[in-house]
Amino acid sequence: MTTSVDVYSQTNPAFLGVVLHEFAKGYHKASDTYPSYVLMYLPCPIVVSKKLARTLEGTNATTGLAKWYLRSPELQINIVNEVRRSVTFTRRALQYALLSNVFKMRDSTLVPLDGAFKTKPKDPTGRRIEDRPFTAANRLGQWCGQVDSAERIFALLGLRP
Amino acid sequence: MSSNFEAADSSLGFYFQSGFSLVLLSRSSDEAVVSVETTDDVQLHEGTTPVLAQLKHSTGKPPALNEKNDGLWKTIGNWISISDWHKYLFMFVTCADLADGCELSSLLEKTPDRNVDSALACLLAEAKRVIETPTVAEAEKLKDVTGYDYKIRRPACQAFLDLSEKKRKLFVRRLTLVPSSFNAGDIKEQLLKAFLHTEPRRNRAEIGERIIEWWDRRVARALLEKSPREISKSELLERLAEIRVVVLGHGLSDVYGDRGPKDLSAEMGGNMERQIQLVNGGNYRIERAARERWRARNNRKHWMDESLAFADELKEYNKVLIEEWRDRHAPMAHDVSELDSTDQESRGLELLDWSHKSAYTEVPSFKPGLNVPSLVRGTYQQLAEELLVGWHPDYLNLCTETEAGMRWHDDNEC
């Protein structure tokens, strides 16, 4: 099977790998542990799809996963499909990130490695949240870290891992 | 024969119950909740006082409604028999018109604080008349065979008279008549009018159909106790949002359909142009290809920005386009293999023009109801650039082989 040039660019594993790295950093900041491997299927469809990323507008690190989810009907309708249909790309990004030493596996968690990137990933300034995927991923990671249980996070979002 | 008609009537009656509850909910506020076959045919919770609706369905031309209507009195009797009836508002819905000059017309407004004195007097007079009329047994006893039983109306009239004057007034103020109602055949039309008028005109009918399909199933599940009995407006709105997404092609629109790049020259060159030259397409066709590819590329980028999930679907759609092209190119290449180069070019040119003029009407749409000609036209040009499709029967050998597949990546590559 082949992937056309525009699809490949949008789902670039290097870019998605950075998104995952930011998510894991955010998670660790809130919980002192690292996200489970299965949780890594969550951030890419949410922060890279503008339709869903917009639901993070007006939130901050203290908003929390439940409050964000419950106040976003758009999210409640779309999240299951978005996550399901993005599994291929996330998997490829995870493979790439592991091979490139962006993460290492410890038990079933992913530990983001310091110094994985020559320059620190940075969002453009002055943009809305849907154009700041790294900030969004970090924030989502913090919310998930506050819950700190993959099962509870998936249950809360109506997803089955 | 008559039992068949009765069965049809009763099925239609139930269908109307379900459809009426949908129309009622669609006209109500966002906090509203309805249920079917609970305390009455339909129950609506909106604000502080629940509304019980009793429906009298008819597909024909029923006699006009007045204070002598058995169905109305039977319903009044049932409502009065509810122990806490003072906690409800009552709605009597009938397909019949209200009789000319009928005093019950003061019950037409929905407000519970309207002046209902004339209606109250009219109902009271009728109740007294019925009760004072001898029953058949009494008439026979009196040897007056003109008596009439009013078997259906009598218990309700008695219950109405048994209420205190204050309670009777309270009850009538809680009563609303809805005559000349739509019937089971008009549900979709009513729904479109009440609820879907903000949808694009071309999609309204389909959205309406799908809402009704879902609603019927939802009501049936509620009756089977497989889903909650009460259905909220927010549940209806959520379903509408889902259906809208499906019907409108997942919210995709042709954002770049009437736009073009500032400078076309940056879009030209490469295999795309070479392929058109191979079939003597001329400069205009090259410019046309460049413009359409720009539109398709930007639309695809816009959609993938909105949802990462479209990336996978667009990848699959490329395969559909390639297959449709191959079904035309392969037989053509076979048919012209013995012909001279001019004929081969001419047939190739026909295929190139097909990709622009007809393909978007002949190949499956990316999403149902989504018509974006440039998506098909421009993607074909991009595929021609990648040498995954071509116009000349022998395009692959004639183009530079080293470029073949250069921009395509295996899924398993990292």
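Q: Which residue stands opposite Val33(B) in β6(B)?
A: In this predicted model, Ser232(B) of β6(B) faces Val33(B).

Q: And in what sense do β1 and β6 of chain B pair?
A: Antiparallel, over two bridges. Strand β1(B) covers residues 33–36.

Q: What's the strand order in that sheet of chain B?
A: β5-β4-β3-β2-β1-β6. The sheet is open, with six strands and mixed pairing.

Q: Why is one side of β5(B) and of β6(B) left without a neighbour in the sheet?
A: Both stand at the edges, so each has a single partner strand. β5(B) is 175–178, and β6(B) is 231–232.

Q: Which strands does helix α2(B) lie across?
A: β3, β4 and β5 of chain B. The helix spans residues 70–80 and runs at about 160 degrees to β4(B).

Q: Switching to the interface. How many residues of chain B and chain A are in contact?
A: 30 from chain B and 28 from chain A. The buried area is about 2,800 Å². Carbon and sulfur atoms give 57% of that area.

Q: How many salt bridges between chain B and chain A?
A: Three. One pairs Lys50(A) with Asp305(B), with the closest N and O atoms 3.8 Å apart.

Q: What about polar contacts across it, how many residue pairs?
A: Seven, with both residues at pLDDT 80 or more.

Q: Which elements give two or more residues to the side of chain B that touches chain A?
A: Helices α9 (233–247), α11 (282–306) and α12 (309–335), plus strand β7 (409–410), of chain B. The largest share comes from α12(B), with 10 residues.

Q: And by class, what is on that side of chain B?
A: 17 charged residues, nine nonpolar and four polar.

Q: Back to salt bridges. How many over all chains?
A: The count is 30. Among them is Arg128(A) with Glu57(A), at 3.9 Å from N to O.

Q: Where do Arg128(A) and Glu57(A) sit?
A: In distant parts of the chain, 71 residues apart. Arg128(A) is in the loop between β3 (109–112) and α8 (133–147) of chain A. Glu57(A) is in the loop between α4 (50–53) and α5 (65–70) of chain A.

How values were computed:
Residues are numbered from 1 along each chain as its sequence is written. Chains are lettered from A and ligands numbered from 1 in the order in which they are written. This is a predicted model: local features need pLDDT of at least 70, side-chain atom pairs count only at pLDDT 80 or more; totals for chains, interfaces and linings use all residues. Side-chain values use heavy atoms; hydrogens and water are left out. Two strands pair if DSSP finds at least two bridges between them. Helices (H or I, at least four residues) and strands (E, at least two) are DSSP runs, numbered from the N terminus. Contact means heavy atoms within 4.5 Å. Axes are lines fitted to C-alpha atoms, for helices over the stretch in contact, and angles run from 0 to 180 degrees between N-to-C directions. Buried area is the accessible area (1.4 Å probe) that two parts lose on being put together, summed over both. A salt bridge is a side-chain nitrogen of Lys or Arg within 4 Å of a carboxyl oxygen of Asp or Glu. A polar contact is a pair of N or O atoms within 3.5 Å; within protein, one must be able to donate a hydrogen and the other to accept it, and residues adjacent in sequence count only if both atoms are side-chain atoms. Ala, Val, Leu, Ile, Met, Phe, Trp, Tyr, Cys and Pro count as nonpolar, Asp, Glu, Lys and Arg as charged, and the others, Gly among them, as polar.
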